[in-house]
Amino acid sequence: MSIGFPSATSAPSGITALPSGAKRPAFGTLYGFDASGGGGGGGSSFAYSLDSTFGLSVVPSLHLDASILDGSDSANNPSDGVSVSTWGDRSGNGNNFTEATNQPTFKASWLNGKPAVEFDGSNDVMSDADFFTSVDFSSKDATMIIVYQPTNDTSYALTDTGSYSGDDRTYSNGNLYSSSFLNARINNGAFNEKYPAARSAATFGLRIDNSAETYKIYYNNRVQFDHTSYASAHFQTTGGAMKIGCGDSSYKLDGFISEVLVFNTALSDDDFNAVHNYIDAKYRVHQYNNVTGSYALNGSYSTTVTPVIHLSAQSNLFKSDGATPADTEQVYRWTDKARGYHAIAGNAPVLNTNQINTSLNGIYFDGTDDYMDVFMLGMLGDFSDFDGTAIFLFEPNSDSAYEPVGIGGSNSGRLYIGSSASYVDVFRNARLAGTGTSGYFSSTGVQLATVVSNKTANTYKIFKDGGSDVFTSGQTASATAAIFDDTKNMRLGSTTKTPSHHLKGWLYEVLVFDEPLSNANLNAVGNYLSSVYGTSYTDIT
């Protein structure tokens with residue numbers, strides 16, 4: 001899917017531009033262009049075109065792209081489910097990967113409808129027997145970027161590139177044992193932030209710079225591991241073959257790989273970011289966007305901090321073909337206004353136009369199986385203190401048990417159940433057990449839920465339409481925010497761990513912050529929503 005964007009002097013319609021004075025993330029923008037003027041656009045001025053929009057100043061040593069499986073023409077792609085004996089190198093260097101016996105399979109439509117190659121986690125491995133004979137890595141510089149998605153695989157590797165003979169693991173229950181391009185692996189390398197969700201689509205990145213003596217591992221263009229001087233002493237390739245779908249002989253990948261790019265240089269920031277912008281545009285695997293500073297909710301209201309995500313039903317809604325949905329059509333992707341992150345449909349809800357305040361949209365979830373996921377939310381903000389704020393405006397349609405937005409938690413959290421209790425678990429490892437909410441949330445009507453988890457204050461508060469928190473002081477204690485593990489993405493229209501207790505009703509706006517907001521910021525959001533949707537709100541004091 002390709003979305004047409006305006007020139008690099010403005011953000012796309014419906015996406016909030018950076019506030020005045022705010023720091024733009026190092027990789028440019030999430031809007032499909034690179035304002036730095038280098039590495040972000042395609043065309044003949046670039047040494048290598050990723051597509052018609054994005055290009056690079058250097059040619060990769062290897063580029064495997066499942067969208068062009070033979071490396072030459074997408075028209076030659078096989079049908080869904082066919083075994084893959086050869087994956088052709090589209091870089092023009094002829095570094096094709098093959099497998100004669102235990103072949104992975106071609107997935108014709110994977111994330112965002114783009115193809116991928118599926119590995120079974122048992123014996124599917126592909127290799128190029130003379131890759132490291134053909135490509136010169138004597139400078140001890142390397143870059144590798146891989147688009148992939150594990151399938152319930154809690155310990156796996158993606159490639160075999162280093163000479164170390166032990167078990168290389170890109171991911172192992174929150175740690176890594178990386179020997180990529182090394183003769184001795186890095187043991188128990190804990191990720192700096194939240195580790196990649198085992199069921200989430202992700203972009204793996206590795207940059208080794210011998211002159212700077214850095215060995216950096218990224219997920220979704222966010223540094224997760226930085227081991228400074230290790231690579232210079234231990235850099236060593238296999239001396240021959242490169243493999244994909246495994247790390248040496250063990251921990252084979254159970255999941256999908258759609259693209260692999262390898263360079264025998266440490267890519268510049270411009271080129272590294274151009275690849276990630278290309279991936280976001282193609283697969284909607286969002287990339288880290290560290291926007292900071294104040295955030296304009298609209299022309300009248302703002303917060304002093306930028307949300308991790310801000311979804312509004314009034315903008316940035318897309319069908320599976322990239323077009324804007326009409327009334328009653330399915331919403332496949334919902335892109336946020338603050339940083340360009342995406343909610344992707346597990347089972348697509350539908351758009352209802354003129355749903356509220358005579359002219360405004362709502363996203364309708366049917367209460368049976370509709371939900372949307374925001375992959376790897378824990379990595380996209382700074383949730384290292386395990387607290388945050390979630391604010392969502394919703395309207396149940398005669399629904400007696402629901403949780404409109406799930407973040408962390410168990411598989412049975414519910415903001416509302418009947419008329420007297422809640423089992424809500426937003427930002428929590430364990431749900432609240434039958435907490436009384438009589439007179440607050442209900443089965444019908446537009447309602448604003450504000451959830452504030454504060455580890456420092458040891459409080460967990462929920463507000464309905466502002467005012468006072470709905471719980472007594474004894475019920476606000478012991479707020480334990482959930483760790484974002486392999487089954488806990490952010491989920492819209494359902495609880496998080498498993499898609500149960502589906503919302504029957506409409507979502508209008510969702511805002512998530514990676515800190516407990518001040519009352520002033522909470523009221524800014526509440527009054528903004530009230531002004532837009534005509535709903536009731538009382539200032540929190």
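**View 1. Arg-169 has its charged end over the ring of Tyr-177, 4.1 Å from the ring centre.** The charged end of Arg-169 also sits over the ring of Tyr-251, 4.2 Å from the centre of that ring. A charge sits over a ring if NZ of Lys or CZ of Arg is within 6 Å of the ring centre and within 35 degrees of the ring normal. The model shown here and in the other views is predicted: local features need pLDDT of at least 70, side-chain atom pairs count only at pLDDT 80 or more, and totals for chains, interfaces and linings use all residues. Residues are numbered from 1 along each chain as its sequence is written, and side-chain values use heavy atoms, with hydrogens and water left out.

**View 2. The chain comprises five helices and 38 strands.** Helices (H or I, at least four residues) and strands (E, at least two) are DSSP runs, numbered from the N terminus. Of the 541 residues, 59% count as buried; buried means under 20% relative accessible area, exposed over 50% and partly exposed in between, with a 1.4 Å probe and protein chains only. Among contacts in the chain with a separation of 6 or more, 65% come from residues 24 or more positions apart. Contact means heavy atoms within 4.5 Å.

**View 3. The largest nonpolar core has 70 residues.** Such a core is a set of buried Ala, Val, Leu, Ile, Met, Phe, Trp, Tyr and Cys residues joined through side-chain atoms within 4.5 Å. The members that touch the most other members are Trp-87, Phe-137, Tyr-148, Phe-181, Phe-204, Met-242 and Val-262. Helix α3 (residues 269–283) gives the most to this core, namely seven residues. Another core, of 47 residues, lies apart from it and includes Ala-313, Leu-432, Tyr-460 and Val-470.

**View 4. Phe-394 and Phe-441 form one of the 18 aromatic pairs in the structure.** Rings of Phe, Tyr and Trp (its six-membered ring) pair if their centres lie within 6.5 Å; planes under 30 degrees apart count as stacked, over 60 as edge-to-face and the rest as tilted. The pair of Phe-394 and Phe-441 is stacked, at 6.4 Å centre to centre and 25° between the planes. Phe-394 belongs to strand β29 (residues 388–396) and Phe-441 to the loop between β34 (435–436) and β35 (447–454), so the pair ties together parts that are 47 residues apart in sequence. Phe-394 is buried, at a relative accessible area of 0%, and Phe-441 is buried at 4% relative accessibility.

**View 5. The rings of Tyr-508 and Tyr-533 form a tilted pair, because their centres are 5.8 Å apart and their planes stand at 45°.** Tyr-508 is in strand β38 (residues 504–513) and Tyr-533 in helix α5 (residues 519–533), so this pair ties together parts that are 25 residues apart in sequence. Both Tyr-508 and Tyr-533 are buried. Elsewhere, ring pairs link Phe-131, Phe-132, Phe-137, Phe-181 and Phe-235 into a cluster.

**View 6. Six strands form an open sheet in the order β23-β24-β25-β28-β37-β31, with antiparallel pairing.** The edges are β23 (317–318) and β31 (405–407), each with a single partner strand, so one side of each is left without a neighbour in the sheet. Two strands pair if DSSP finds at least two bridges between them. Strand β28 (residues 371–374) is joined by three bridges to β25 (residues 342–347), antiparallel. β28 also pairs with β37 (residues 490–492) over three bridges, again in the antiparallel sense.

**View 7. Residues of β28 point two ways from the strand, Tyr-371 and Asp-373 one way and Met-372 and Val-374 the other.** All of these residues are buried. Met-372 is the bridge partner of Ala-345 and stands opposite Leu-492 in β37. Val-374 stands opposite Met-490 in β37.

**View 8. Arg-90 lies in the loop between β4 (86–87) and β5 (97–98).** Arg-90 is buried, with a relative accessible area of 17%. Its side chain makes a polar contact with the side chain of Tyr-48 at 3.3 Å. A polar contact is a pair of N or O atoms within 3.5 Å; within protein, one must be able to donate a hydrogen and the other to accept it, and residues adjacent in sequence count only if both atoms are side-chain atoms. A polar atom of the Arg-90 side chain also lies 3.1 Å from the backbone oxygen of Leu-50. Not counting residues up to four places away in sequence, Arg-90 touches residues including His-63, Asp-65, Ile-68 and Tyr-278.
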